[in-house]
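Please read them with the structure open.

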Amino acid sequence: MKPEAFTIRSSRPEAPGKGPGAFATGALVVCLALAGVAGGLPGVARAQSPTTVPRHSWSFTGPLGHFDMAAVQRGYAVYDQVCASCHGMTAVTYGDLGGMGLTEEQVGRIAHAHHVRAGTDATGKPVSRPATSDDHLLSPYASPAAAVAANHGARPPDQSRLAVVYPGGVDRMRALLLGYGQSPPPGTQVPEGSFYNPYAVNGLIAMPPLLHDGGVTYADGTSPTAAQQADDVVTFLAWVAQPHLEERHRTGVRVIAFLLVLLVLTFCLKRRIWSDVH
């Protein structure tokens, strides 16, 4: 098995499915549909997992969900200190990190602490330079082939939109990060370079366990347990994938409120106009 790597008045009674009454019904359907959209988990793909994935409570789910920016910032620390050694975020620039509550100066310091490829020198040797806020969080590997060769044939996926395309969504991502250390079922062979994880496809994954208690340093003093790191980095990945989620939630709530008012007005108007029809 190979490991693995979101008004015209009428004297006639209205016909079924027509007239203001039908419009009111249609408005109600739209309200309910939008309520489902606003309340759904952000871009999460629902998929079956070999092992039942435990549900986790996230601040950003539900129609009034919001991102805990302290958790998002801690999640970036986990990404930077752990995940960035293998994964990139090619759709994200350092400047985008300002959206998680950082000042322009803080973003500049983060960018300057990293180096990006800057072509070659006169002898053909690769050179690099300090990153700027306009640079993207690129993969640490020079090419896809180099990434595959360095990871036992499995290419580490880009994490820019991982939270919205990963089967099972954020719950399975968290479960996967914390699912190492369990004994494989009898008869399961774990090839060299792979690890058993019940939440991975076929139970095998090329990524080694990376989260350990005390494995990162949090600037706010939060205890960096493995579970805390998993919560924070998944929250960060969810924010990166949909940074405007809160704005969309607010817009959805306003639209639903407007349609509900329109529904009530339409119903009252229908009762008044058609009150003489028997």
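How many helices and strands does the chain have?

1. Overall make-up. The chain of this predicted model has eight helices and six strands. Helices (H or I, at least four residues) and strands (E, at least two) are DSSP runs, numbered from the N terminus. From that end the elements run α-α-β-α-β-β-β-α-α-α-β-β-α-α. Of the 278 residues in the chain, 38% are buried; buried means under 20% relative accessible area, exposed over 50% and partly exposed in between, with a 1.4 Å probe and protein chains only.

2. Basis of the values. This is a predicted model in which local features need pLDDT of at least 70 and side-chain atom pairs count only at pLDDT 80 or more, while totals for chains, interfaces and linings use all residues. Residues are numbered from 1 along each chain as its sequence is written, and side-chain values use heavy atoms, with hydrogens and water left out.

3. Helix 2 against helix 7. At what angle do helix 2 and helix 7 pack? The angle between helix 2 (residues 69-81) and helix 7 (residues 226-241) is about 100°, and their axes are 7 Å apart. Axes are lines fitted to C-alpha atoms, for helices over the stretch in contact, and angles run from 0 to 180 degrees between N-to-C directions. The two helices are therefore roughly perpendicular to each other (under 35 degrees counts as roughly parallel, over 145 as roughly antiparallel, 65 to 115 as roughly perpendicular and the rest as oblique). Helix 2 brings M69, A71, V72, R74, G75, Y76, V78 and Y79 to the contact, and helix 7 brings Q228, Q229, D232, V233, T235, F236 and W239; contact means heavy atoms within 4.5 Å. By class, the residues of this contact are nine nonpolar, four polar and two charged. Here Ala, Val, Leu, Ile, Met, Phe, Trp, Tyr, Cys and Pro count as nonpolar, Asp, Glu, Lys and Arg as charged, and the others, Gly among them, as polar.

4. Aromatic pairs. Rings of Phe, Tyr and Trp (its six-membered ring) pair if their centres lie within 6.5 Å; planes under 30 degrees apart count as stacked, over 60 as edge-to-face and the rest as tilted. The count comes to six aromatic pairs. One of them is the tilted pair of Y76 and Y79, at 6.3 Å centre to centre with 35° between the planes. Both residues lie in helix 2, three residues apart, about one turn of the helix, and both are buried. The ring centres of Y79 and F236 are 5.9 Å apart and their planes are at 40°, so this pair is tilted. Y79 is in helix 2 and F236 in helix 7, so the pair ties together parts that are 157 residues apart in sequence. The relative accessible area of Y79 is 2%, and that of F236 is 0%. Y76, Y79, F236 and W239 are linked into a cluster by ring pairs.

5. A charge over a ring. R74 lies over the face of Y218, 5.9 Å from the ring centre. The rule asks for NZ of Lys or CZ of Arg within 6 Å of the ring centre and within 35 degrees of the ring normal.

6. Q159. Is Q159 buried or exposed? Q159 is buried, at 6% relative accessible area, although its place is in the loop between helix 4 (144-150) and helix 5 (162-165). Leaving aside neighbours within four places in sequence, Q159 is in contact with Y79, C83, H87, G88, M89, L237 and V240.

7. A163 is in helix 5 and is buried at 2% relative accessibility. Its C-alpha atom is 5.2 Å from that of A238, 75 residues apart along the chain. In helix 6 (residues 169-177), eight of the nine residues are buried, so the helix is largely enclosed by the rest of the structure. These buried residues pack against helix 5, strand 6 (204-205) and helix 7.

8. Backbone points to check. Most residues other than glycine have a negative phi. H152 has a positive phi of about 55°; H152 is in the loop between helix 4 and helix 5 and is exposed, at 61% relative accessible area. N202 also has a positive phi, near 60°. N202 is in the loop between strand 5 (195-196) and strand 6 and counts as partly exposed at 40%.
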